[in-house]
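Q: I have a two-chain model open and would like to learn how to read its local features. Where do we start?

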Amino acid sequence: MAVDAQTVEKLAELARIAISEETIDEVSSRLGDVLQLVDQLQAVNTDGVAPMAHPLDEVQVLRKDEVTEPNRREDFLALAPQTEAGLYLVPKVID
Amino acid sequence: MHQLTIAEIIRGLRDKQFSSVEITSHLLERIQELDNQFNSFITVTGDQAIKEAAAADARLAQGDAPALCGVPIAHKDIFCTNGVRTSCGSKMLDNFVPPYDATVVDNFQQAGAVSLGKTNMDEFAMGSSNESSFYGAVKNPWNVERIPGGSSGGSAAAVAALLVPGTTATDTGGSIRQPAAMTGTTGLKPTYGRVSRWGMIAFASSLDQGGPITRTAEDAALMLSVMASPDKKDSTCLDRPTQDYTANLNDSIKGLKIGVPSEYFGEGLDSEVGARVQEALKDYEKLGAELVEISLPHSKLAVPAYYVIAPAEASANLSRFDGVRYGYRCENPADLRDLYMRSRGEGFGEEVKRRILVGSYALSAGYYDAYYNKAQQVRRLIKQDFVDAFDKVDVIMGPTAPNPAFKLGEKNADPVAMYLEDIYTIATNLAGLPGMSIPCGFAHGLPVGLQIIGNYLDEARMLNVAHQFQQASDWHQKTAPAAE
């Protein structure tokens with residue numbers, strides 16, 4: 001099952017991953033192989049089976065909303081490619 | 001000194017046969033001398049290791065030494081280390097120096113262990129051959145033309161090459177057990193949630209689990225005793241007491257019921273690998289265990305279910321790499337969209353991109369029920385097979401991988417062939433069960449792994465079962481020729 005180039009372009013847009021024109025055929029054929037593999041699932045009868053989100057069916061732990069971590073703004077900003085005045089910098093978004 | 005196990009190093013340090021600085025320096029020299037053949041380390045933190053070793057020696061002299069005081073280990077480069085670059089094998093994080101330690105790293109520091117550095121891995125832990133690393137492929141110490149398995153290939157190769165006695169690793173679909181099998185080492189993936197994932201870079205959050213790679217089950221027990229802990233910082237980490245996993249190692253396994261799933265010995269299994277596993281099962285009978293034929297009827301669906309769930313979760317997890325807050329950013333972005341598209345397009349390797357795209361497909365509008373939801377339903381069927389089996393048996397055994405280490409480059413052109421490497425390990429992750437791989441002989445001159453699957457939170461018994469085999473065999477003591 002091949003995935004058409006249009007679908008690959010749509011997925012690339014959804015995932016925000018640039019894919020070059022030259023590689024698009026290869027990507028679509030390999031994606032097709034993977035989808036063919038996972039399509040085996042469609043033949044399985046799963047009527048009435050609850051989807052499994054956690055192996056031990058644990059639920060989300062709740063805790064009091066208390067401040068336990070110090071604010072390390074500078075440490076984390078230091079990791080960013082570009083910052084200014086304590087903020088992350090990105091190309092202009094609004095004209 | 002490099003042949004010593006963790007248990008022997010602990011004794012040697014306490015009996016003052018050698019110091020932590022001595023063994024640490026010795027291993028750092030070996031890494032320097034030999035690792036250009038294997039490429040098992042991405043970063044070696046020599047100066048820091050010597051400082052930590054000197055501090056450990058001081059504590060040993062004072063007599064207040066914690067469990068692993070002065071023992072050299074190394075961390076898979078997926079665990080965040082404060083002040084030490086943590087790349088996850090990716091160009092995306094080539095410049096990422098975390099400002100904090102993962103809980104696992106912290107646990108080993110508290111226990112006095114000395115970290116020699118960070119081990120190589122498949123990019124974002126996606127792979128079964130350690131060929132997708134931005135830092136180059138890792139070579140198998142048993143034959144440097146062959147893969148060491150993946151994704152924890154560096155962690156496994158470093159132990160097999162006697163560069164370090166134990167390493168941390170992670171396992172999402174087999175990434176501890178399969179490289180352990182390929183390199184003749186002992187690898188343990190605990191129950192999902194037994195080891196904290198805090199500070200462990202996420203791939204597929206409902207499957208990822210950290211564990212040790214060592215040369216013996218006893219060493220795995222020593223490492224797990226430190227590694228496992230409840231952790232408030234990871235809400236999926238189990239809030240159950242941990243234990244001293246070495247306490248039951250010497251228990252007798254007379255009367256142990258071993259389930260042998262017929263599905264794990266069918267088509268696709270290398271006949272020599274199958275023969276070694278059957279011989280190991282006979283050895284277990286001699287030790288007093290009883291073999292029980294069982295069936296895990298949904299086994300065939302494990303790989304398809306995994307390749308929906310893992311990519312779907314990866315596509316969500318890896319959306320954080322946006323070129324804005326940390327990691328790689330493309331040159332001269334035209335606008336914000338271009339910044340995202342090119343930073344991710346250039347920063348991620350081919351396999352990572354492929355999995356993100358598959359995940360985006362499975363989660364996209366109109367496909368969620370057909371793929372992700374369906375896979376989560378199948379996942380419950382797979383889990384139920386194991387639950388039914390563990391009503392009848394204490395542990396389950398079979399091969400870890402269908403074949404011994406293959407040649408570098410052999411499966412690169414065909415992702416699906418690569419995915420089938422994990423055909424026997426993936427179901428354990430989907431079910432959240434603990435699993436181990438221990439050496440049980442050789443096929444085509446390469447190590448073969450015996451997989452032991454335990455019931456939920458039954459790591460102590462699994463380790464006991466593995467240790468008893470290693471007391472009666474010497475496969476785990478065979479050394480790769482290149483490590484001599």
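A: Start with a backbone angle: just after α4(B), Gly112(B) takes a positive phi of about 85°. Helices (H or I, at least four residues) and strands (E, at least two) are DSSP runs, numbered from the N terminus.

Q: What should I know about the numbering and the kind of model?
A: Residues are numbered from 1 along each chain as its sequence is written, while chains are lettered from A and ligands numbered from 1 in the order in which they are written. This is a predicted model, in which local features need pLDDT of at least 70, side-chain atom pairs count only at pLDDT 80 or more, and totals for chains, interfaces and linings use all residues.

Q: What is the mean pLDDT of chain B?
A: Where pLDDT is low, the predicted coordinates should not be read in detail. pLDDT is the predictor's confidence in each residue, from 0 to 100. Chain B has a mean pLDDT of 97, with 100% of its residues at 70 or more. For the model, ipTM is 0.95 and pTM is 0.97.

Q: Is Leu162(B) buried or exposed?
A: The term rests on a count: a residue is buried if 20 or more other C-beta atoms lie within 10 Å of its own, exposed if 12 or fewer, and partly exposed in between, with C-beta atoms placed from the backbone. Leu162(B) has 21 other C-beta atoms within 10 Å and is therefore buried. Asp57(A) has 11 within 10 Å, so it is exposed.

Q: How many residues of α5 (residues 153–160) of chain B are buried?
A: Eight of the eight are buried, so helix α5(B) is largely enclosed by the rest of the structure. Among them are Gly153(B), Gly154(B), Ser155(B) and Val159(B).

Q: And which residues of α4(B) are buried?
A: Helix α4 (residues 103–110) of chain B has six of its eight residues buried: Thr103(B), Val104(B), Val105(B), Asp106(B), Asn107(B) and Phe108(B). These buried residues pack against β2 (72–76), β4 (166–171), β6 (209–214) and α7 (217–227) of chain B.

Q: How do I describe two packed helices?
A: Two packed helices are described by the angle between their axes and the distance between the axes. Axes are lines fitted to C-alpha atoms, for helices over the stretch in contact, and angles run from 0 to 180 degrees between N-to-C directions. The axes of α9(B) and α12(B) come within 9 Å and cross at roughly 130°. α9(B) and α12(B) are therefore oblique to each other (angles under 35 degrees count as roughly parallel, over 145 as roughly antiparallel, 65 to 115 as roughly perpendicular and the rest as oblique).

Q: Which residues of α9(B) meet α12(B)?
A: Two residues are in contact if their C-beta atoms, placed from the backbone, lie within 7 Å. Ala302(B), Ala305(B), Val308(B), Ile309(B) and Ala312(B) of α9(B) meet residues of α12(B) including Tyr371(B), Ala375(B) and Arg379(B).

Q: How many residues of chain B are in contact with chain A?
A: On the chain B side there are 52, in contact with 38 residues of chain A. α12(B) gives the largest share of the chain B side, 11 residues. By class, the chain B side has 29 nonpolar, 12 polar and 11 charged residues (Ala, Val, Leu, Ile, Met, Phe, Trp, Tyr, Cys and Pro count as nonpolar, Asp, Glu, Lys and Arg as charged, and the others, Gly among them, as polar).
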